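Subject: Structure handover

Hello,

Here is the structure we talked about. Please open it alongside this note; what I found follows below.

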Amino acid sequence: MDAIERSLLEQVAELHEVPEGAYNIRANGKAAARNTTASIDIVSKTDKDGIDIIIRPGTKNQSVHIPVVLSQSGLQETVYNDFFIGDDCDITIVAGCGIHNCGVQNSEHSGIHSFFVGKNAKVRYVERHYGEGDGLGENIMNPTTVVEMGEGSYMEMETTQIKGVDSTVRTTRAKLGPNSTLIIKEKVMTHGKQLAKSDFTVDLDGEGCHTNVISRSVARDDSKQIFLARINGNAKCHGHSECDAIIMDRGVVVAIPEVTANCVDVELIHEAAIGKIAGEQLTKLMTLGLTEKEAEEQIVNGFLK
Amino acid sequence: MLELQNISYGVEQDGEDKNILRNINLTIGERFVAITGPNGGGKSTLAKVIAGILVPTEGKILLDGEDITGLGVTERAKKGISFAFQQPVRFKGLTVKDLITLASGKSIGVPEACDYLSEVGLCAKDYIDREVDASLSGGELKRIEIAMIMARGTKLSVFDEPEAGIDLWSFSNLIQVFEHLHEKINGSILIISHQERILNIADRIIVLADGRVQNDGARAQVLPQLLGNVPSVCSALTDKVR
Ligand SMILES: Nc1ncnc2c1ncn2[C@@H]1O[C@H](COP(=O)(O)OP(=O)(O)OP(=O)(O)O)[C@@H](O)[C@H]1O
Ligand SMILES: [Mg+2]
């Protein structure tokens with residue numbers, strides 16, 4: 001692995017060296033390294049690109065890292081990763097994609113991640129997206145996440161895209177079983193002419209299930225973001241979505257809620273707040289000796305932290 | 001030493017000029033100076049003019065003899081002016097520690113940040129990592145605002161009604177806080193207040209009413225007049241009507 005790939009890895013997986021536990025590192029379309037453990041197996045798919053990650057029931061306090069890095073300009077790939085998480089597991093999964101594109105062709109990674117979460121399992125899923133490179137080619141990522149949650153399970157999904165991704169359409173579809181909980185926290189910052197679209201569909205199918213979809217985003221320059229939260233309440237359940245965005249320069253943010261109650265016991269809430277940085281926040285930090293630019297930076301960093 | 005020379009501030013309202021500050025002349029170099037006066041008298045406006053948030057329509061401001069009239073908020077802060085707002089600002093995402101660190105202007109450790117919080121009567125470990133957002137109570141926010149000024153420790157600190165919303169139990173501590181601050185900065189503390197207990201620690205009291213300095217002098221001289229002679233405050237209004 002070369003210096004560029006290593007630095008991408010650091011960005012997306014906060015990995016400085018080979019991680020502990022199970023991992024699968026994919027670099028430029030090929031498996032670069034893999035490790036399995038007694039309770040976590042990773043198997044390459046035979047019919048298409050991708051892997052199956054099989055986590056034995058009852059596996060606790062373990063982690064799986066599956067970073068992807070692309071440093072060859074013009075590489076375009078679609079990868080299928082399926083996670084089979086056994087009952088009663090308690091695990092952390094870190095995925096991420098880093099693209100370094102110095103060429104003129106577009107680099108594109110589309111990851112389709114499916115999670116089958118067993119009964120009473122607890123999953124923390126962290127996904128980071130990062131792009132760099134000063135070529136004319138665009139960095140494109142279109143992640144799809146499919147989640148099926150068993151009875152009493154809990155999943156927290158944290159996605160972050162802070163820099164350098166020119167175009168992204170993130171699609172998330174989830175089906176929640178009885179008493180399960182899905183928390184989604186998305187953080188996005190776009191610059192230049194970037195476009196980021198997030199499309200969430202959560203089906204609250206099981207009695208007593210609950211979801212909270214939270215997006216915090218900053219759109220700078222001429223970038224555009226679209227946040228679409230579709231929550232369908234099909235049983236006695238509770239759903240909440242919230243979009244909180246700062247717009248700067250000529251940035252555009254669109255928040256589209258679509259909440260459907262198919263049952264009288266459904267409780268659904270959508271909140272959206274979009275606006276520029278409050279003048280008094282800038283003033284306050286300036287009275288502490290920060291310049292306007294520094295104040296802006298602090299406010300944005302804090303907001304996305 | 002802060003000097004305000006012929007400071008006036010006006011705004012246009014419904015096509016008419018409205019004078020909020022009228023020809024204010026003050027030289028402030030004492031330890032504790034209190035500014036009091038009726039609601040709407042122009043106290044907060046004056047504080048904002050000092051901090052550089054509002055630009056006076058007329059007049060000059062000098063700090064230690066240097067003309068700072070043309071300086072912006074950041075530059076004045078760097079020259080040594082601190083300002084605790086009457087209504088503190090909330091931030092989504094920034095924590096108490098973040099703000100205190102920014103205020104101190106250097107990277108400080110958790111223990112040091114905690115010291116400032118303890119000083120304003122907040123149990124540091126409960127607050128240090130909290131976001132300064134809508135979840136904090138009004139009184140908590142006011143105390144954090146004061147802690148930030150402590151962390152800055154500049155030669156001139158302006159507090160706009162610091163006691164508002166602070167419970168009686170903590171009130172005497174607040175007075176100690178100002179005394180500590182003075183020991184530390186060895187400069188001037190300017191406190192806008194309606195509270196007799198605060199006026200009681202002032203070396204000098206300035207009464208601002210209807211945008212004018214209506215009374216100004218040593219505490220021993222001004223306070224009895226304020227307490228015994230309420231109509232004097234209102235005379236500014238009657239003068240205006242006349
Ligand atoms: N931008 C503005 N436009 C119009 N009027 C203003 C503006 N800013 C302040 N004022 C008016 O100026 C007057 C002085 O306001 P200021 O906030 O300085 O009063 P204050 O002495 O601090 O009062 P309080 O004791 O209630 O805090 C008030 O009548 C207020 O309504
Ligand atoms: Mg005021």
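The expected span of a helix is 1.5 Å times one less than its number of residues. Keep that rule at hand for helix α3 of chain A, residues 292–304. One caution before the details: this is a predicted model.

**Chain A: α3 and its surroundings**

α3(A) has 13 residues, so its span should be 18 Å. The end C-alpha atoms are 18 Å apart, which agrees.

Which residues of α3(A) are buried? They are Ala295(A), Glu296(A), Ile299(A), Val300(A), Gly302(A), Phe303(A) and Leu304(A). These buried residues pack against four strands of chain A, β12 (154–163), β14 (181–190), β16 (209–219) and β18 (237–247). They also pack against a helix, α2 (279–287) of chain A.

Two packed helices are described by the angle between their axes and the distance between the axes. For α2(A) and α3(A), the angle is about 115° and the axes are 9 Å apart. The crossing of this pair, α2(A) and α3(A), is right-handed. On the α2(A) side, the residues that meet α3(A) are Gln281(A), Leu282(A), Leu285(A) and Met286(A). On the α3(A) side they are Glu292(A), Ala295(A), Glu296(A), Gln298(A) and Ile299(A). By class, the contact of α2(A) with α3(A) holds five nonpolar, two polar and two charged residues. Ala295(A), Glu296(A) and Ile299(A) are buried, and they take part in the contact with α2(A).

Start with helix α3 (residues 96–104) of chain B and α4(B). Their axes come within 10 Å and cross at roughly 95°. That makes α3(B) roughly perpendicular to α4(B), because angles of 65 to 115 degrees are classed that way. α3(B) contributes Val96(B), Lys97(B) and Ile100(B) to the contact. α4(B) contributes Val110(B), Ala113(B), Tyr116(B) and Leu117(B). The residues of this contact of α3(B) with α4(B) divide into six nonpolar, no polar and one charged.

Next, take helix α4 (residues 110–119) and helix α6 (residues 138–152), both of chain B. Their axes come within 9 Å and cross at roughly 125°. So α4(B) is oblique to α6(B). The crossing of α4(B) and α6(B) is right-handed. From α4(B), the contact uses Tyr116(B), Leu117(B) and Glu119(B). From α6(B), it uses Ile144(B), Ala147(B), Met150(B) and Ala151(B). The contact of α4(B) with α6(B) has six nonpolar, no polar and one charged residues. Tyr116(B) and Leu117(B) touch α6(B), and they also belong to the contact with α3(B).

How many of the 15 residues of α6(B) are buried? The number is 14, and α6(B) is mostly covered. Gly153(B) follows α6(B) and has a positive phi, near 55°.

**Chain B: a buried strand residue**

Ile191(B) is found in strand β8 (residues 188–192) of chain B. Is Ile191(B) buried or exposed? Its relative accessible area is 3%, so Ile191(B) is buried. Ile191(B) and Ala34(B) are 157 residues apart in sequence, but their C-alpha atoms are 4.8 Å apart in space. Leaving aside neighbours within four places in sequence, Ile191(B) is in contact with Phe32(B), Val33(B), Ala34(B), Ile35(B), Phe159(B), Pro162(B), Phe178(B) and Ile198(B).

**Exposed loop residues**

- Asp249(A) lies in the loop between β18 and β19 (252–261) of chain A. Its phi is near 55°, a positive value in a residue other than glycine. Asp249(A) counts as exposed, at 53% relative accessibility.
- Asp14(B) lies in the loop between β1 (2–13) and β2 (16–28) of chain B. Its phi is positive as well, near 50°, again in a residue other than glycine. Asp14(B) counts as exposed, at 77% relative accessibility.
- Ser107(B) has its place in the loop between α3 and α4 of chain B. At 72% relative accessibility, Ser107(B) counts as exposed. Ser107(B) and Arg219(B) are 112 residues apart in sequence and 40 Å apart in space, C-alpha to C-alpha.

Best wishes

Definitions and conventions:
Residues are numbered from 1 along each chain as its sequence is written. Chains are lettered from A and ligands numbered from 1 in the order in which they are written. This is a predicted model: local features need pLDDT of at least 70, side-chain atom pairs count only at pLDDT 80 or more; totals for chains, interfaces and linings use all residues. Side-chain values use heavy atoms; hydrogens and water are left out. Axes are lines fitted to C-alpha atoms, for helices over the stretch in contact, and angles run from 0 to 180 degrees between N-to-C directions. Helices (H or I, at least four residues) and strands (E, at least two) are DSSP runs, numbered from the N terminus. Angles under 35 degrees count as roughly parallel, over 145 as roughly antiparallel, 65 to 115 as roughly perpendicular and the rest as oblique. A crossing is left-handed if the near helix is turned anticlockwise from the far one by less than a right angle, and right-handed if clockwise. Contact means heavy atoms within 4.5 Å. Ala, Val, Leu, Ile, Met, Phe, Trp, Tyr, Cys and Pro count as nonpolar, Asp, Glu, Lys and Arg as charged, and the others, Gly among them, as polar. Buried means under 20% relative accessible area, exposed over 50%, partly exposed in between (1.4 Å probe, protein chains only).
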